[in-house]
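The following questions and answers go through a protein structure for a reader who has its sequence and coordinates at hand.

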Amino acid sequence: MLLGILLLLFAKTQVWAQCVIPQVRHYAATQQVNEGLLTSVTLQSNAADGNPATFSKLNRLVGGFGLGDVVQFLKFDNPVTPGALISGGTPVTVKLTLPSGLLSIIGGVEIQPFKNLHDVPITGWQADAVGSATGAAALLSLLNGVGDQEITVTPSADFQGVWVKLSGVAVGQSLGLYDAYIMKTASASFGCNTPVDVLSGSKPTGALLGIGVAVGTVLDPTYAIDANLNSYAEMKPIVSVNSMTYHTTVFGSPSQKGDTIKMTLQNSGAGLLDLALAESFSIQLYNGASPVGMPITYTQAQLNLLLLPLGSNRYQLPISPSSSAVYDRVEVRVTALVGANLLIDGLRIYDVTRILAKPVVNSNATATTTTICYGTATTLAVSNTQDCTTYKWYNASNNNLLYTGASYALSTTLGVGTHTYYVVASRDGCTETVTSETSTVVVNPLPAITPGTGSGCVGATSATLNYTGGTNGPTTYSIVWDPSATNFVNVTDAALPSATAGAIAIAVPAGATAGTYTGNLTVKNANPCTSNNIPISVTVNALPAPPVLSITN
């Protein structure tokens with residue numbers, strides 16, 4: 001008994017562990033800066049406005065052998081306990097945008113968690129460092145390109161925020177600081193499949209990019225996630241042997257297995273996409289900073305099949321990751337290789353959307369029709385169920401909710417006629433839903449007849465069973481005799497003389513004695529539906545006694 005209880009508890013814990021409440025970003029809400037005569041921070045509030053598309057800019061006009069550092073402090077409000085510090089072990093992500101002179105500043109960037117932020121006369125804002133700073137050695141492996149980057153640090157003790165410092169000796173240094181965020185449990189449902197951010201720029205295909213390397217750009221990167229098919233981000237790669245241009249869409253939460261992605265793409269010029277060099281274009285999925293699977297590539301023939309109609313030269317690119325893939329971002333990569341027209345004109349990204357798996361009912365992805373006979377049990381079931389997803393079944397005629405669950409067992413008393421259903425899938429804690437194709441269930445009526453009582457005489461080899469009241473087109477009949485009807489032979493799907501009224505010839509076994517013999521008759525129509533059992537009886541009548549003759553003289 002104890003073992004059974006423990007196993008049950010463990011099983012429930014496992015199921016719950018699969019479906020945690022989704023988390024959302026919690027941005028640093030306030031900021032302070034320390035700047036001087038030779039340094040500045042422009043658009044300071046952009047780094048604490050909760051908008052990942054805007055950034056402040058840390059500037060150093062000249063180098064000064066350690067002098068002239070510029071610092072921006074980003075401070076969090078505790079989302080659980082206002083006024084308290086953030087618990088140690090909570091990851092903090094900082095989004096930066098890097099200039100083309102990456103190597104000139106790499107030694108002068110410092111990211112440091114802090115607490116006890118306070119203003120000191122003359123020296124300005126100060127704070128106590130929490131743990132070690134993320135400095136040059138770590139950033140060399142993290143900052144692997146030109147453009148937008150996310151860097152995640154995990155303070156070892158309770159903290160209040162994070163500062164970003166720019167220092168060094170180079171002339172004309174600058175660094176863009178978008179924001180800093182931690183993750184918190186969502187207090188209400190939100191758009192889990194809605195993009196929340198983009199990262200774009202160039203990164204190396206081999207060694208770390210250095211000063212003077214030609215790099216591509218991405219214009220208006222957020223237009224790819226603005227839900228407007230008339231606006232677009234535009235990737236402008238430059239021919240280079242060691243860099244790629246990238247555009248990464250970041251979603252609000254990790255996917256569930258079975259989610260898909262849809263992109264709308266177009267050549268920046270008037271022509272079609274030319275991907276004759278397949279390695280020039282690929283898609284890479286990520287879960288955080290970790291790649292998920294290998295890059296996805298396309299042949300020219302595959303792209304030609306994805307061309308949308310109406311002469312727009314746009315492509316709708318479906319991406320179906322492996323059934324086990326879990327990801328929260330998708331990256332478009334273009335490597336500028338000589339010879340592909342795409343690389344001359346550029347690539348437009350109109351839209352990037354992640355979609356819940358559309359429920360497939362009874363393993364049929366299109367509209368389905370199931371035909372049954374009245375009184376027959378049948379079940380509609382979602383064959384591609386996903387974790388952490390709720391399925392609700394509706395009557396399509398009035399949109400009434402009928403049932404919640406992955407499979408819906410229809411009542412055996414479902415009325416004769418046509419019934420249409422659909423199922424809506426919704427991700428737990430998320431606002432998105434997706435609706436299946438409709439499923440139609442046709443319930444055919446059962447045929448029936450009304451038999452009389454058959455009769456015959458001892459010694460006869462047949463008896464007549466008259467019937468009337470045939471309905472719903474019966475065409476054949478079957479008889480199963482009761483065990484007491486010794487030597488009476490069962491009948492299977494014999495032709496019925498008439499669909500409305502007539503007489504059935506019953507074979508009477510030789511030697512049948514006088515008495516009443518019972519069984520069950522069923523009739524079947526062309527649907528084919530079979531009636532309920534209809535009790536029948538055949539009476540074998542005794543022969544009259546022979547006359548007694550008397551002869552008198």
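Q: Which residues make the nonpolar surface patch of about 350 Å²?
A: This is a predicted model, in which local features need pLDDT of at least 70 and side-chain atom pairs count only at pLDDT 80 or more, while totals for chains, interfaces and linings use all residues. Residues are numbered from 1 along each chain as its sequence is written, and side-chain values use heavy atoms, with hydrogens and water left out. Patches take residues with over 30% relative accessible area and no salt bridge, joining like charges within 9 Å and nonpolar side chains (Val, Leu, Ile, Met, Phe, Trp, Tyr) within 5 Å, with areas from the Shrake-Rupley method, a 1.4 Å probe and, for residues, only the protein chains shown as cover. The nonpolar patch is made by Leu37, Leu38 and Leu61.

Q: What relative accessibility does Leu38 have?
A: Leu38 sits in the loop between strand E2 (30-34) and strand E3 (39-42), where helices (H or I, at least four residues) and strands (E, at least two) are DSSP runs numbered from the N terminus. Buried means under 20% relative accessible area, exposed over 50%, and partly exposed in between, with a 1.4 Å probe and protein chains only. Leu38 therefore counts as partly exposed, at 41%.

Q: Which residue forms a salt bridge with Asp197 at a closest N and O distance of 2.8 Å?
A: A salt bridge places a side-chain nitrogen of Lys or Arg within 4 Å of a carboxyl oxygen of Asp or Glu. Asp197, in strand E12 (residues 195-204), has such a bridge with Arg25 in strand E1 (residues 23-27), 172 residues apart, with closest N and O atoms 3.4 Å apart. The pair with the 2.8 Å distance links Asp197 to strand E6 (residues 92-98), 102 residues apart, and both of its members are buried. That partner is Lys95.

Q: How many residues apart in sequence are the parts that Glu150 and Arg329 tie together?
A: Glu150 and Arg329 form a salt bridge whose closest N and O atoms are 3.1 Å apart. Because Glu150 lies in strand E9 (residues 146-153) and Arg329 in strand E20 (residues 329-334), the pair ties together parts separated by 179 residues.

Q: What percentage of the 553 residues in the protein is buried?
A: The secondary structure comes to 5 helices and 37 strands. Among the buried residues is Arg329, with a relative accessible area of 10%, and Asp197 and Arg25 are buried too. Over the whole protein, the buried share is 44%.
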